[in-house]
Amino acid sequence: MYFRIIIVFMLTLFFLCPVAPAQGGVKLPEPEKKGKVSVEEAIQERRSVRDFTDTPLTLKEVSQILWAAGGKTVDGITGPTRAYPSAGGLYPLEIYFVAGNVTGVEPGIYRYDWIEHSLVIVKEGDYRAELAAASWGQRMISEAPATIVIALKSEKVMRRYGQRGISRYISMDAGHLGQNVHLIVQSMGLGTVMIGAFSDQEIMKVMGLRKETPIYIMPLGHPLG
């Protein structure tokens with residue numbers, strides 16, 4: 001009898017009490033909404049950067065980049081939305097942040113929570129070398145202080161648009177997101193490059209992905225030279 005009461009009590013606590021956030025999560029500072037470089041200047045100067053210094057990224061820089069990648073904005077019609085457009089408003093892309101040399105962020109793999117503008121820990125440790133190896137040895141990934149990995153939840157698109165959504169709309173979404181990152185990074189005096197050459201299965205293994213497919217990798221850092 002007492003055993004049953006204890007079990008019921010524990011199940012009640014499990015379902016009714018809020019789950020504590022994962023250890024190692026990071027609340028990001030509020031991003032700036034007005035910059036010192038115009039959109040035109042950022043477009044003009046945008047370039048792919050493959051060589052980085054060992055200067056760490058700051059938490060403020062990470063905040064600004066991830067907000068531009070897919071953070072919360074307001075479009076004036078539907079209320080809260082995100083920084084890039086998505087077919088049907090589905091937003092099937094997940095943004096992961098692989099930190100190696102970032103002030104205020106322990107090395108690890110994080111998922112970007114766009115609603116809370118925070119980093120949620122997925123795996124602890126510095127995985128830059130493993131990520132580079134899974135990308136066929138592209139050294140810029142291991143040398144950059146951090147990397148963004150964009151992954152796809154394909155079922156969200158398949159349910160509404162079928163195969164057409166996978167073959168056409170996903171590349172549009174990824175392009176919107178990637179260009180946002182490229183331009184904000186350029187405006188901040190930082191650098192990145194878009195990488196699509198990697199082993200899907202090996203990246204999934206490194207990142208701990210199960211139902212998501214990696215589609216873009218973008219190392220981030222201070223340009224060398």
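1. The bend at a residue is the angle between axes fitted to the seven residues ending there and the seven starting there. Helices (H or I, at least four residues) and strands (E, at least two) are DSSP runs, numbered from the N terminus. H6 has a kink of about 130°, centred on Tyr 161.

2. This is a predicted model, in which local features need pLDDT of at least 70 and side-chain atom pairs count only at pLDDT 80 or more, while totals for chains, interfaces and linings use all residues. Residues are numbered from 1 along each chain as its sequence is written, and side-chain values use heavy atoms, with hydrogens and water left out.

3. Gly 189, with a positive phi near 80°, follows H6.

4. An open sheet of 7 strands has the order E1-E6-E5-E4-E7-E9-E8, with antiparallel pairing. Its edge strands, E1 (26–27) and E8 (191–192), each pair on one side only. Two strands pair if DSSP finds at least two bridges between them; E1 and E6 (residues 118–124) are joined by 2 bridges. Lys 27 has Ser 118 in E6 as its bridge partner.

5. Phe 97 sits in strand E4 (residues 93–99).
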